[in-house]
Amino acid sequence: MQVQPGDVKTIEGTLFNALVKVGAVSQDNSDDPVKVNLGRAARTDAGVHAAGNLISMKLISTIPGVTDLVARVNEELPPEIRLWSYVRVQNSFNARGICDSRKYTYFFPSYLLIPPKPGSGLHKTFNSQAAADYTPQTHPFWAEASPESTAQEDMQRKRQWRAPPDVIQRLRDAASNYVGSHNFHNFTVARTPKDPSCKRYMKEITIADPVVYGDTEWISVLLHGQSFMFHQIRKMIAALILTVRTGTPPDVIKELYGHRAVFIPRMPALGLLLEYPLFESYNKKTEETRQKYKPTDHEYRLPIDFEAHREAIDKFKQDFIYSGMRKVEDRDGIFDAWIRTVDTYQGNDLLWLNPSGKIPPEAVIEQGVRRPNPFRERKRFDATTFPEDGHERVADVNDDSDVEIDEAEGIDKKKLVEMEG
């Protein structure tokens with residue numbers, strides 16, 4: 001979203017240029033968004049989808065020859081970027097500071113909830129931690145498959161799999177552990193358990209019933225929180241899915257709020273969507289102006305309400321976000337490549353996934369101590385667009401050309417704050 005120096009294209013930069021072109025930003029201020037105090041309510045990583053966001057700035061709203069500013073700006077924007085509306089706000093308004101909370105959706109294929117393939121690294125690691133009287137059960141999906149089945153053969157069957165109601169209920173039960181104020185230090189990078197900024201408030205987590213698109217069943221998770229740290233949502237969803245698919249007791253999520261540092265992989269960026277920021281306090285504060293003044297009065301202030309554009313936003317999401325997301329998954333199997341990368345791993349970093357729901361000492365990360373065989377994230381899963389001929393590159397879990405050495409490397413605390421949304 002954020003304007004970047006040089007020739008890097010961003011949504012914010014494209015919108016700013018369109019506003020300059022239609023005359024909503026003067027030529028004197030056209031060379032630098034800082035001159036018009038441009039700010040944003042939520043920041044998204046490069047490529048991450050957004051259905052709604054809000055920017056605040058000094059704007060020329062009365063332009064000769066322009067009767068509908070929204071329509072005129074949209075004429076200058078590519079179809080995948082839309083201006084929904086604009087409202088006059090108080091002079092002290094700050095998009096980020098006044099924002100009360102944000103809503104995000106994470107969208108993923110339900111087949112990620114199928115347990116690890118028997119014989120895989122994660123399958124062996126999980127069973128190795130079981131009590132002596134524990135009897136491993138083969139999931140029906142794998143009982144019907146040959147032990148020598150290929151990834152392509154497994155993928156064809158995964159797309160036909162449908163999550164049963166009890167699995168969805170387990171997903172919802174586990175997600176309920178996220179609601180409230182918790183220390184999410186394990187759900188971001190380069191933060192310590194004692195960092196007070198890691199305490200975040202989640203207002204609501206809603207998991208919709210699965211829906212089939214094409215051959216694949218999809219699940220959407222709506223997360224409503226006060227604010228989110230860098231990678232927090234992708235790690236929250238990963239912990240949720242991995243807990244349910246392995247049969248780890250859901251109380252392990254509460255363990256992850258404790259003082260011990262552990263590693264949680266991050267989901268592919270492809271499934272993440274910023275729905276919109278909310279401004280309940282501001283809307284309540286300006287209610288007085290709407291009672292006291294008429295809409296034509298200078299002091300009158302409209303509420304900031306994305307729901308007023310719900311029909312248009314939903315159509316936009318289907319046409320430009322979800323359809324593209326499903327196309328990439330259908331073509332490249334990005335989510336399957338991610339889960340196979342996780343299942344291939346056989347080391348201590350994921351030992352917190354176990355039948356007891358407790359974090360063993362071997363899974364704890366000590367600051368400054370080099371750990372053996374750490375889990376390596378793949379940079380390919382941070383992308384949301386892929387070349388048409390990129391299938392083999394995406395699907396090969398043994399390709400280490402894009403392995404990330406340390407996900408926190410080169411990130412200082414100031415940079416982390418800027419990355420929050």
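This is a predicted model: local features need pLDDT of at least 70, side-chain atom pairs count only at pLDDT 80 or more; totals for chains, interfaces and linings use all residues.
Guide: Residues are numbered from 1 along each chain as its sequence is written, and side-chain values use heavy atoms, with hydrogens and water left out.

Visitor: Why is Leu 223 called buried?

Guide: Buried means under 20% relative accessible area, exposed over 50%, and partly exposed in between, with a 1.4 Å probe and protein chains only. Leu 223 has 1% relative accessibility, so Leu 223 counts as buried.

Visitor: Which residues does Leu 223 touch, leaving out those up to four places away in sequence?

Guide: Contact means heavy atoms within 4.5 Å. The residues touched include Arg 102, Lys 103, Tyr 104, Phe 228 and Met 236. Lys 103 is 120 residues from Leu 223 in sequence, yet their C-alpha atoms are 5.6 Å apart.

Visitor: What makes Cys 99 and Cys 198 count as buried?

Guide: The value for Cys 99 is 8% relative accessibility, so Cys 99 counts as buried. Cys 198, at 0%, therefore counts as buried.

Visitor: How many disulfides does a search of the whole structure find?

Guide: A disulfide is a pair of cysteine sulfur atoms within 2.5 Å. The search finds zero.

Visitor: What share of the protein is buried?

Guide: Of its 421 residues, 51% are buried.
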